[in-house]
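Good morning, colleagues. Please look at the sequence and the model on the screen while I go through the packing of the side chains.

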Amino acid sequence: MHTLSHMNINETIKNVVFWGAAGHAKVLRACLQRYNINLIALFDNNNELSSPFDDVSLYYGKEGFRRWLHSTDLQRDKIGFLVAIGGEKSKGKDRVEIQEYLESFGLIPIIAKHPTAFIDAHVDIGAGSQIMAHATICVETRIGRACLINTGAIVDHECVLSDGVCISPGARLAGCVTVGRYSMIGVGAVILPRINIGEGATVGGGAVVTRDVLPHTVVIGNPARVLE
């Protein structure tokens with residue numbers, strides 16, 4: 001597992017690629033530049049996109065990725081990557097699957113941590129996860145792989161987030177909350193202590209969750225209720 005601060009000290013990985021070339025790629029690049037990490041290529045399945053950066057080329061789909069990989073002189077275990085896909089519904093599963101695809105070619109998933117984020121020393125963070133500006137992650141929390149803890153989000157003590165979870169900007173999880181794979185907690189939502197959010201669930205923006213949420217359901221409102 002590679003944290004950005006570790007890479008910066010040991011100079012193990014200086015170059016990264018992103019899969020995803022929309023708005024979230026801009027946010028991630030700004031984070032990486034603070035650690036002198038170079039973005040060297042972009043990939044995206046949407047061939048209608050153009051690169052958001054004048055100095056970074058965009059390649060389309062798996063074919064474009066393989067073509068780029070065969071053309072580079074860099075060793076694969078010296079290339080880091082992040083899946084720069086935001087938190088819309090179902091995108092968590094996409095992040096995990098794309099991460100596994102890139103790992104199968106020997107590239108290294110890094111952990112992005114914005115320097116303004118607070119992460120307690122006793123927190124576990126899975127490969128490929130991204131902790132954005134002013135986020136807070138408290139003691140004994142466990143974050144899975146390819147998770148996104150977005151701007152200003154709070155994840156309090158002893159929470160467990162499975163792979164591919166997205167905590168949107170300003171969302172707040174109280175202590176001992178469990179969030180299942182691929183779930184999304186919307187902007188400004190509040191999850192009360194010891195709540196379980198099932199796999200693939202969506203908590204709408206501004207919702208206040210006072211009881212467990214079943215897998216693959218959408219809840220909205222205060223108190224949160226299932227959207228029929």
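Predicted model: local features only at pLDDT ≥ 70, side-chain atom pairs only at ≥ 80, totals over all residues.

The face of helix 3 turned away from its buried side carries two exposed residues, Glu63 and His70. Here, exposed means over 50% relative accessible area, buried under 20%, and partly exposed in between, with a 1.4 Å probe and protein chains only. Helices (H or I, at least four residues) and strands (E, at least two) are DSSP runs, numbered from the N terminus.

Residues are numbered from 1 along each chain as its sequence is written, and side-chain values use heavy atoms, leaving out hydrogens and water.

Which residues of helix 3 are buried? In this helix, residues 61–71, they are Gly61, Gly64, Phe65, Trp68 and Leu69. Seen down the helix axis, these buried residues fall within an arc of 135°, so they line one face of helix 3; the arc is that of the directions from the axis to the C-beta atoms. They pack against strand 2 (15–19), strand 3 (38–44), strand 4 (58–60), strand 5 (79–83) and helix 4 (91–103), where contact means heavy atoms within 4.5 Å.

I turn now to the aromatic rings. A search of the whole structure finds nine aromatic pairs. Rings of Phe, Tyr and Trp (its six-membered ring) pair if their centres lie within 6.5 Å; planes under 30 degrees apart count as stacked, over 60 as edge-to-face and the rest as tilted. Phe43 and Tyr59 form a tilted pair, 5.8 Å centre to centre with 35° between the planes. This pair links distant parts of the chain, with Phe43 in strand 3 and Tyr59 in strand 4, 16 residues apart. Phe43 counts as buried, at 0% relative accessibility, whereas Tyr59 is partly exposed at 23%.

How are the rings of Phe43 and Trp68 arranged? Their centres are 5.5 Å apart and their planes at 70°, so the pair is edge-to-face. Phe43 in strand 3 and Trp68 in helix 3 are 25 residues apart, and both are buried. Trp19, Phe43, Tyr59, Phe65, Trp68, Tyr101 and Phe105 form one aromatic cluster.

Finally, Lys62 lies over the face of Tyr101, at 4.5 Å from the ring centre. The criterion is NZ of Lys or CZ of Arg within 6 Å of the ring centre and within 35 degrees of the ring normal.
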